[in-house]
Amino acid sequence: MKKAKAAIFTGSGIPMSLQEIDVPELVKGQVLVRNRYTTLCRSDLNTFSGKRTEKTPTILGHEIVGTIAKLADGSPQTDTAGKELRTDDRITWAIYSSNPKSTLAKRGIPQKAPDLFKYGHEAIRGNKTLHGGLAQFTLLQPNTPILKLNDDIPDSVAALINCSVSTVAGALRLAGPLAGKNVVVSGVGMLGLVACGMAQTAGAKSVTAMDINEHRLKKAKVFGASHFFNPGVDSEESLLRTFGRPNPFDVVLEFSGAASAMENTLKLLSIGGSAIWVGATFPQRDIQLDAEYLIRKLLTIKGLHNYNLEDFKTAVAFVSEHHSTYPFSSLVEHYGTLDKVNEAFKYGIDSNAFRVGIDPAK
C-alpha cells in the first residue's frame with residue numbers, strides 16, 4: 001500500500017509530527033491529488049496558536065494546489081466548467097464537499113450543508129485521513145467542486161484560490177455591483193489585498209485601504225487601492241476632507257475581524273450602504289451597535305464564512321486573468337518542505353507574513 005508523509009496536528013502548543021500514513025484505496029467518486037503547494041491561511045495559524053479550535057488529530061492546510069494522481073471509478077470525468085479531467089492535470093478544488101441537492105446548497109450555501117466535509121478541518125478517522133494540504137496527497141471526496149488551471153499561474157498563487165480569493169469573491173457577490181461606488185477595504189492582509197484588486201477590477205470609483213499597519217497600506221497601493229487610512233494615526237476628518245461629504249462610502253468589506261473596526265466602519269457608510277463582515281472567525285467580544293442609527297441610515301450588514309460554487313468559479317477566472325496584473329507571488333514567502341512545518345508556522349505567526357508557503361511534495 002502506498003504511503004504518504006503528513007504533518008499531524010494534535011493540539012495547540014504541541015509540535016506537529018511528521019508521520020507516514022497509508023493512502024487508502026479509492027472508493028467510488030474519489031480523486032487522489034498529489035499536493036504541489038500549500039499556503040498557510042490565517043485560520044491555520046490561529047488554530048496552531050490556540051486562538052481557534054479544530055477537531056484533532058488533523059492535517060491542517062486548505063489553501064492547496066495539486067495534480068491528479070488517480071481517478072477512482074465513478075469519479076467526475078469533467079471539472080465544474082466541463083473540461084475533461086485526466087491524470088496529471090493541475091487542479092484547484094473547493095474547501096468543501098457537500099450534497100448539491102441539499103436545501104442549503106440549493107439556497108446557494110453549500111458550505112453549510114448538513115453533510116459538509118471541509119478540507120484541512122476534519123479529524124483523522126478511519127480511511128478519511130488525507131484531507132489537508134500539509135501532506136503529500138489529498139483525497140477528494142465526491143461532490144467536491146474541481147476546476148482545472150492554466151499552466152501559467154504559479155503554484156504559490158494558485159494555492160490561494162480555494163480560500164483567500166474565493167472568499168473575497170463571495171464578499172463582492174454579497175456587496176453587489178461595485179461600479180462607480182466608493183469602497184472601504186478594512187484590514188489589508190491577504191484577503192484585503194485581493195479585495196482591493198477585485199474591487200478595482202469591478203470598476204469601483206475609489207478603493208480605500210484601511211489598516212493600522214503602514215507596510216500593508218503601502219502594499220495595498222500596488223493592489224488597486226486609491227486611498228489609504230490608518231485609524232491609529234489618521235483622523236476621520238481627513239477622510240471627509242478627501243471625499244468631501246460625511247458618510248462617503250457605499251460599501252465596507254471588513255476583513256480585519258476586529259470588533260472596533262466593524263463598529264467604526266459602519267459610521268462611514270452613506271444612506272443605504274452595505275457592510276460585509278468576513279474576518280471575525282475567532283472568539284471575541286460582542287459587537288456594540290446603535291440600532292436607531294442602523295435603521296435610519298438604511299444600512300445592511302451581511303456575514304460571510306467561506307463561499308459557494310459561483311464564488312469559486314469567479315476566483316479561478318479572476319486569478320487566470322489577473323495573476324500577473326497584481327503581484328500575488330510577492331505575498332507568499334516560501335519556507336521549505338514538510339520537515340520545516342513547525343518552523344514555518346512559528347515564522348508565520350511571529351512575522352505576520354501575508355502567507356507562508358510549503359512544498360508538501362518532498
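Me: Which residues in H4 meet H5?
Reply: In H4 they are Ser164, Val165, Thr167, Val168, Ala169 and Leu172, and they meet Met190, Leu191, Val194, Ala195, Met198 and Ala199 in H5. Contact here is heavy atoms within 4.5 Å. Helices (H or I, at least four residues) and strands (E, at least two) are DSSP runs, numbered from the N terminus.

Me: What is that contact like by class?
Reply: The contact of H4 with H5 has 10 nonpolar, 2 polar and no charged residues. Ala, Val, Leu, Ile, Met, Phe, Trp, Tyr, Cys and Pro count as nonpolar, Asp, Glu, Lys and Arg as charged, and the others, Gly among them, as polar.

Me: Before I go on, where do these numbers come from?
Reply: This is a predicted model, where local features need pLDDT of at least 70, side-chain atom pairs count only at pLDDT 80 or more, and totals for chains, interfaces and linings use all residues. Residues are numbered from 1 along each chain as its sequence is written, and side-chain values use heavy atoms, with hydrogens and water left out.

Me: OK. At what angle do H4 and H5 pack?
Reply: About 55°, with the axes of helix H4 (residues 161-175) and helix H5 (residues 190-201) 9 Å apart. That makes H4 oblique to H5; angles under 35 degrees count as roughly parallel, over 145 as roughly antiparallel, 65 to 115 as roughly perpendicular and the rest as oblique.

Me: Switching topic: how many salt bridges are there?
Reply: The count comes to 13 salt bridges, taking a side-chain nitrogen of Lys or Arg within 4 Å of a carboxyl oxygen of Asp or Glu.

Me: What does Asp155 pair with?
Reply: Asp155 and Arg90 meet in a salt bridge, 2.7 Å from N to O. The pair links distant parts of the chain, with Asp155 in helix H3 (residues 155-158) and Arg90 in strand E5, 65 residues apart. Arg36, Arg90 and Asp155 are linked in a network of salt bridges.

Me: Are Asp155 and Arg90 buried or exposed?
Reply: Asp155 is buried, with a relative accessible area of 19%, and Arg90 is buried, at 10%. Buried means under 20% relative accessible area, exposed over 50%, partly exposed in between (1.4 Å probe, protein chains only).

Me: And which residue forms a salt bridge with Asp89?
Reply: Lys148, with the closest N and O atoms 3.5 Å apart. Asp89 sits in the loop between strand E4 (63-71) and strand E5 (90-93), Lys148 in strand E9 (residues 146-148), 59 residues apart. Asp89 counts as buried at 15%, while Lys148 is partly exposed at 26%.

Technical notes
Axes fitted to C-alpha atoms, helices over the stretch in contact; angles between N-to-C directions.
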